[in-house]
Amino acid sequence: MSPEQVLAACQQGIAAWQQAFNNQDAAGCAAQYHDDCIMEAKPFGRFEGRAAIEVFWQGIIEQGFCDVDYTDVSWRAHPDEGYILTSKWTMNKAYGVVHREHWTLDKNGRARLISDEFEVLGER
């Protein structure tokens, strides 16, 4: 795949994650992560693997968080593979920043997160 095609796949990945979250679908959110992804969710902690990440997102959804939106989105090529996303985000009850999402293609050519680091900066 060309770098442009890889970037387009990564952009589709974050769009799929956002749609799943806004549809209150924790399993759909978790499907955007590699099986062995590590997610650093500040101040909540570190979550390893797709199953643990799904449990985290289910808990967030059950607390009434919804309507995520991204602004100031930046993509840059990772020197080894995939792309790094950084952005600001807002939800109905909180806002924060994505410090670093590393998206790569799996063996089927679908973009998935291999690492995710974000932070909640405040309540709304």
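1. Start with a charge over a ring. Lys93 lies over the face of Phe65, 4.8 Å from the ring centre. The rule for this: NZ of Lys or CZ of Arg is within 6 Å of the ring centre and within 35 degrees of the ring normal.

2. A word on the basis. This is a predicted model, where local features need pLDDT of at least 70, side-chain atom pairs count only at pLDDT 80 or more, and totals for chains, interfaces and linings use all residues. Residues are numbered from 1 along each chain as its sequence is written, and side-chain values use heavy atoms, with hydrogens and water left out.

3. Now ring against ring. Rings of Phe, Tyr and Trp (its six-membered ring) pair if their centres lie within 6.5 Å; planes under 30 degrees apart are stacked, over 60 edge-to-face, and the rest tilted. The count is 9 aromatic pairs. One of them, Trp17 with Trp57, is edge-to-face, at 5.0 Å centre to centre and 70° between the planes. Trp17 is in helix α1 (residues 3-22) and Trp57 in helix α3 (residues 50-62), so the pair ties together parts 40 residues apart in sequence. Helices (H or I, at least four residues) and strands (E, at least two) are DSSP runs, numbered from the N terminus.

4. Buried means under 20% relative accessible area, exposed over 50%, partly exposed in between (1.4 Å probe, protein chains only).

5. Next, Phe56 and Phe118. Their ring centres are 6.3 Å apart and their planes at 55°, so this pair is tilted. Phe56 sits in helix α3 and Phe118 in strand β6 (residues 111-123), 62 residues apart. Phe56 is buried at 8%, and Phe118 is buried at 7%.

6. Finally, the grouping. Trp17, Phe21, Phe44, Phe47, Phe56, Trp57, Tyr70 and Phe118 form one aromatic cluster.
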